[in-house]
Amino acid sequence: MPKTRKEKWVRVCPKCNSKDVFLSIAGIIGGSQYKCGKCGFTGVVFPEISKK
């Protein structure tokens with residue numbers, strides 16, 4: 001049986017569609033907060049898309 005490769009995902013900024021997104025704050029109660037390195041948008045909702 002051939003090995004299946006795990007699909008790679010990347011987060012994108014919902015405001016400018018940049019892939020330059022990093023984890024800003026990892027909170028225990030509020031969850032993780034991400035920040036866009038291009039436009040500076042900060043939030044918890046950053047969609048993930050396939051790298052393909």
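A nonpolar core is a set of buried Ala, Val, Leu, Ile, Met, Phe, Trp, Tyr and Cys residues joined through side-chain atoms within 4.5 Å. In this predicted model, the largest such core has 5 residues: Cys13, Val21, Tyr34, Cys36 and Phe46.

**Overall make-up**

- The chain contains 5 strands and 0 helices, giving the pattern β-β-β-β-β along the sequence.
- The chain has 52 residues, and 17% of them count as buried.
- Its accessible surface is about 4,500 Å², and carbon and sulfur atoms account for 54% of that area.
- Of the contacts between residues at least 6 apart in sequence, 36% connect residues at least 24 apart.

**Around the core**

- Val21 belongs to the largest nonpolar core.
- Beyond its neighbours within four places in sequence, Val21 contacts Arg11, Val12, Cys13, Tyr34, Lys35, Cys36 and Phe46.
- Cys13, another member of that core, is buried, with a relative accessible area of 0%.

**Cysteines**

- A disulfide is a covalent bond between the sulfur atoms of two cysteines.
- The whole structure has 0 disulfides.
- The cysteine sulfur closest to that of Cys13 is in Cys39, at 3.7 Å, which is too far for a bond, because a disulfide needs the two sulfur atoms within 2.5 Å.
- Cys16 is also in no disulfide, and its nearest cysteine sulfur, in Cys36, lies 3.7 Å away.
- Cys16 has a relative accessible area of 25%, so this residue counts as partly exposed.

**Charged pair**

- Side chains of opposite charge can pair when their charged atoms come close.
- The count of salt bridges is 1.
- That salt bridge joins Glu48 and Arg11, with 3.4 Å between the closest N and O atoms.
- The pair connects distant parts of the chain, since Glu48 is in strand E5 (residues 48–50) and Arg11 is in strand E1 (residues 9–11), 37 residues apart.
- Glu48 is partly exposed at 44% relative accessibility, and Arg11 is partly exposed at 25%.
- Arg11 is also among the residues in contact with Val21.

**A loop residue**

- Asn17 sits in the loop between E1 and strand E2 (21–26).
- The phi angle of Asn17 is near 65°, a positive value in a residue other than glycine.
- Is Asn17 buried or exposed? With 61% relative accessibility, Asn17 counts as exposed.

Note on methods: Residues are numbered from 1 along each chain as its sequence is written. This is a predicted model: local features need pLDDT of at least 70, side-chain atom pairs count only at pLDDT 80 or more; totals for chains, interfaces and linings use all residues. Side-chain values use heavy atoms; hydrogens and water are left out. A salt bridge is a side-chain nitrogen of Lys or Arg within 4 Å of a carboxyl oxygen of Asp or Glu. Helices (H or I, at least four residues) and strands (E, at least two) are DSSP runs, numbered from the N terminus. Buried means under 20% relative accessible area, exposed over 50%, partly exposed in between (1.4 Å probe, protein chains only). Contact means heavy atoms within 4.5 Å. Accessible areas come from the Shrake-Rupley method with a 1.4 Å probe; for residues, only the protein chains shown count as cover.
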